[in-house]
Amino acid sequence: MLPSQPLLRAAVFALAVLQALASDTFTAAVYEHAVILPDVTDEPVSPDDALALMNKNMDVLEGAIKEAAQQGAHIIVTPEDGIYGWHFTREAIYPYLEDIPDPAVNWIPCTDPTR
């Protein structure tokens, strides 16, 4: 997955929201899919493996979202855990999470990801 794809997805989503806000009515779609789950383990996977698994699920969701939008959906609901699954211990979930800096810290992760 290219680094610019999240930005493209956000832009497409923003345009869809703006189009929906300009309408008097909305068409909604609800999508459920068989989440591609990681192997059950108590040991955390590497961040790269976690990202690869999430990208597989994102690809499935992206295809479903595009299809729903082509069929006229303005609002598309996807599974809450549809990107990473739900079979985790507290320690095993960490590679699937990202740090969100404290608002008091002067740091923008997108412009300085190696900090």
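Student: Which helix do E62 and K66 lie in, and how many residues apart are they?
Tutor: Both lie in helix α2, 4 residues apart, about one turn of the helix. Helices are DSSP runs of H or I with at least four residues, strands are E runs of at least two, and both are numbered from the N terminus. This is a predicted model, where local features need pLDDT of at least 70, side-chain atom pairs count only at pLDDT 80 or more, and totals for chains, interfaces and linings use all residues. Residues are numbered from 1 along each chain as its sequence is written, and side-chain values use heavy atoms, without hydrogens and water.

Student: What do the side chains of E62 and K66 meet in?
Tutor: A salt bridge, at 3.4 Å from N to O. The term needs a side-chain nitrogen of Lys or Arg within 4 Å of a carboxyl oxygen of Asp or Glu. By that rule the count is 1 salt bridge.

Student: Switching topic. Which residues make the nonpolar surface patch?
Tutor: F13, L15, V17, L18 and L21, over about 550 Å². Patch residues have over 30% relative accessible area and no salt bridge, and nonpolar side chains are joined within 5 Å, like charges within 9 Å. L21 lies in helix α1, residues 5-21, and L21 counts as exposed because its relative accessibility is 61%.

Student: How much space lies in the second largest pocket?
Tutor: About 760 Å³. Of its 25 lining residues, R9, V12, F13, I65 and I76 are the closest to the centre. Two or more lining residues each come from α1, α2 (47-70) and β2 (75-77). Helix α1 gives the largest share, 10 residues.

Student: What counts as a pocket, or a cavity?
Tutor: On a 1 Å grid over the protein atoms alone, a cavity is a set of points where a 1.4 Å probe fits but cannot get out; a pocket is an open set with protein on both sides within 12 Å along at least five of seven lines, and lining residues have an atom within 4 Å of a point.

Notes
Areas by Shrake-Rupley, 256 points an atom, 1.4 Å probe, with all protein chains shown as cover. Buried < 20%, exposed > 50% of the residue type's maximum accessible area, 1.4 Å probe, protein only. Points joined across faces, edges and corners; volume = space filled by probe spheres on them.
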